[in-house]
Amino acid sequence: MGMGLVSYIGSKALGFFTDVGGVAILLKAIVFNLPRLFKNFHLTVEQMVFIGVNSLPLIIFVSIFTGAVSSVQAAYQFHNYVPMRYLGTAVGKAVVIELGPVLTALVVAGRVGAAIAAELGTMKVTEQIDALETLAIDPIHYLVVPRFISGITMLPILVLFSDLVAILGALVVAVVFVDVSAHTFLSGLKMFFHLSDLFAGLFKAFIFGGIIATIGCYQGFKTTGGAEGVGTSTTKAVVISSVLILVADYVIASFLFG
Amino acid sequence: MIEIVDLHKSFGDNKVLDGVNLTINKGETTTIIGRSGGGKSVLLKHIIGLVKPDSGRILIDGEDITLYKNEKLVKLRQRFGMLFQSSALFDSMTVEENVGLGLREHTKLPEDEIRGIVNEKLRLVGLRGVEDVKPAELSGGMKKRVGLARAIAMNPEYILYDEPTTGLDPIMADAINYLIIRMKNELNVTSIAVTHDIVSAYKISNRIAMIYEGKIIFVGTPEEVKSTDDPIVRQFVEGKATGIIKAV
Ligand SMILES: Nc1ncnc2c1ncn2[C@@H]1O[C@H](COP(=O)(O)OP(=O)(O)OP(=O)(O)O)[C@@H](O)[C@H]1O
Ligand SMILES: [Mg+2]
């Protein structure tokens with residue numbers, strides 16, 4: 001039984017390092033393929049629409065409520081301790097630095113990361129990726145780079161929308177339910193607003209976008225075993241990219257603010 | 001000329017190719033026959049570099065292509081066309097885009113010329129009016145023919161056919177046999193076909209090779225196959241469940 005456990009842990013660890021190595025190789029291949037990005041740029045545009053434009057309704061919906069709830073919660077915690085003119089400050093910082101990027105990334109990981117893994121996984125098990133190769137077309141160039149570029153560019157843009165909408169949501173709740181005037185909320189927001197906070201949030205979004213696209217593609221390419229395998233890859237893509245987003249969030253925060 | 005020398009390949013414990021030796025002459029059609037699961041598709045995939053062997057060499061005009069990477073592999077593959085057993089059509093693209101992909105990617109031909117070539121290839125495989133249809137809407141036999149049109153779109157020197165006639169009605173199957181023969185006679189294409197269809201193998205082949213237990217155990221012309229005493233080959237072409245080859 002002891003040996004069983006050891007070999008179980010051993011095989012899990014081996015799998016983990018194989019995956020780390022595999023992702024590193026994939027990232028290297030992406031970088032080497034960047035010079036050819038503008039050949040077949042229409043593929044990148046398609047992915048930008050899918051990842052960016054089509055995610056927008058969901059992101060807006062999530063962000064309104066994120067802003068609203070952070071307004072309510074902050075007001076509750078401020079009650080009797082902190083003057084309400086700091087409500088806008090607190091909500092603004094929380095949204096721009098943390099909530100906007102992380103929640104947007106988690107939502108996109110669920111929607112887009114899953115779709116990437118499912119699509120590429122299906123292509124893998126139905127030999128479409130092999131077929132691309134026999135046509136002398138590099139799947140990294142044709143499939144991965146467009147998704148990666150769209151991920152790292154569209155996530156920051158989505159986060160900008162998310163920040164804006166969340167702050168609006170917070171403002172409305174502040175005015176209607178917490179009885180803080182719009183003027184007070186906005187001047188609080190402006191008081192300690194640093195452009196560097198916004199850029200920190202957008203930098204996170206850039207990294208998160210890279211994580212979602214890379215993990216989605218990696219899991220897709222790794223798929224074996226038919227429809228069941230596609231299901232497994234899809235789940236893994238979402239779980240792994242979500243975990244990595246949270247870990248990366250912590251790492252980036254400790255570098256930028258630690 | 002393609003020379004396959006002592007090719008070995010295992011997947012885990014499953015020894016699929018166990019020392020394959022086979023020479024494919026230029027301008028000829030060589031057909032590989034053998035049991036289901038016998039490694040025919042795996043062998044084809046080695047020839048186009050989709051699968052790397054555990055050991056052994058594949059020489060094309062004297063160069064070992066199993067060592068090819070990146071640029072060289074890309075160049076090599078442009079000389080090949082491959083029809084997949086499963087057709088492997090891109091399901092996000094229309095039939096027209098599937099067939100034209102290689103041309104759009106590797107040539108600078110104007111769009112109307114590419115459309116013209118695609119239409120011509122689709123006509124060759126007996127398809128009309130499906131240009132703008134997605135593969136999901138096609139029957140299995142139609143998919144196979146689109147796959148065939150895609151394989152020949154770039155006028156390759158070598159064509160690998162993985163079960164070109166499986167899933168086609170007998171009349172269409174014969175039309176495909178005829179097409180394979182024409183590719184050879186008119187365009188001097190070198191072909192390797194994999195098939196279970198013995199009638200087709202007799203028609204299209206200059207030589208037939210049988211793979212059994214990971215090795216090529218017999219190579220000969222269709223006449224030699226018909227008259228051989230080799231009990232394994234006989235059992236296979238006659239389709240008998242009893243004999244040296246165990247059915248189950
Ligand atoms: N990518 C792979 N990973 C693991 N095993 C594989 C892989 N590809 C093929 N095999 C195994 O190799 C063996 C030969 O497969 P192959 O597809 O070449 O058979 P085949 O001769 O083409 O059969 P059929 O006539 O049914 O198409 C099978 O046992 C198969 O399970
Ligand atoms: Mg096969």
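**Cavities, a pocket, a ligand site and a sheet**

About 80 Å³ of space lies in the largest cavity of this predicted model. A cavity here is a set of points, on a 1 Å grid over the protein atoms alone, where a 1.4 Å probe fits but cannot get out; its volume is the space filled by probe spheres set on the points, with grid points joined across faces, edges and corners. By this rule, two cavities of 30 Å³ or more turn up. The largest one has 13 lining residues, and those closest to its centre are Thr134(A), Leu135(A), Arg77(B), Phe80(B) and Met154(B); a lining residue has an atom within 4 Å of a point. Elements giving two or more residues to this lining are β6 (80-83), α3 and α5 (140-152) of chain B, and β6(B) gives the most, with three residues. (Helices, H or I with at least four residues, and strands, E with at least two, are DSSP runs numbered from the N terminus.) Sorted by class, the lining comes to six nonpolar, five polar and two charged residues. For that sorting, Ala, Val, Leu, Ile, Met, Phe, Trp, Tyr, Cys and Pro count as nonpolar, Asp, Glu, Lys and Arg as charged, and the others, Gly among them, as polar.

A quick word on conventions. Residues are numbered from 1 along each chain as its sequence is written, while chains are lettered from A and ligands numbered from 1 in the order in which they are written. Since the model is predicted, local features need pLDDT of at least 70 and side-chain atom pairs count only at pLDDT 80 or more, whereas totals for chains, interfaces and linings use all residues; side-chain values use heavy atoms, with hydrogens and water left out.

The second largest cavity has a volume of about 60 Å³. Among the residues lining it are Thr89(A), Lys93(A), Leu189(A), Phe192(A), Phe193(A) and Asp197(A). Helix α4(A) supplies the largest share of that lining, four residues. The class tally is four nonpolar, three polar and two charged residues.

Chain A, for its part, has nine helices and zero strands. The C-alpha trace of chain A spans about 65 × 55 × 30 Å along its principal axes.

Then there is the open space. The largest pocket (an open set of grid points with protein on both sides within 12 Å along at least five of seven lines) has a volume of about 1600 Å³. Its lining runs to 39 residues, with Glu133(A), Asp138(A), Pro139(A), Ile140(A) and Arg77(B) nearest the centre. Chain A puts two or more residues into the lining from each of α1 (2-33), α4 (87-125), α5 (128-134), α6 (139-178) and α8 (195-221), and chain B does likewise from α2 (70-77) and α3 (95-106). By class, this pocket lining splits into 16 nonpolar, nine polar and 14 charged residues.

On to ligand 1, which has 14 residues around it, the closest being Ser36(B), Gly37(B), Lys40(B), Ser41(B) and Gln85(B); to be near, a residue needs one heavy atom within 4 Å. Polar contacts are pairs of N or O atoms within 3.5 Å; within protein, one must be able to donate a hydrogen and the other to accept it, and residues adjacent in sequence count only if both atoms are side-chain atoms. An oxygen atom of ligand 1 sits 2.9 Å from a polar backbone atom of Val42(B). In chain B, β2 (14-24) and α1 (40-47) are the elements giving two or more residues to the shell, and α1(B) has the largest share, three residues. The shell holds three nonpolar, eight polar and three charged residues.

Finally, the sheet. Four strands of chain B form an open, antiparallel sheet in the order β2-β1-β4-β5. Strands β2 and β5 of chain B stand at the edges with a single partner strand each, so one side of each is left without a neighbour in the sheet. Two strands pair if DSSP finds at least two bridges between them. Strands β1 (residues 2-11) and β4 (residues 55-60) of chain B pair over five bridges, with Glu3(B) opposite Leu59(B). Between β4(B) and β5 (residues 63-64) of chain B there are two bridges: Leu59(B) partners Asp64(B), and Ile60(B) stands opposite Glu63(B). The hairpin of β4(B) and β5(B) has two residues between the strands, and Asp61(B) takes a positive phi near 50 degrees there.
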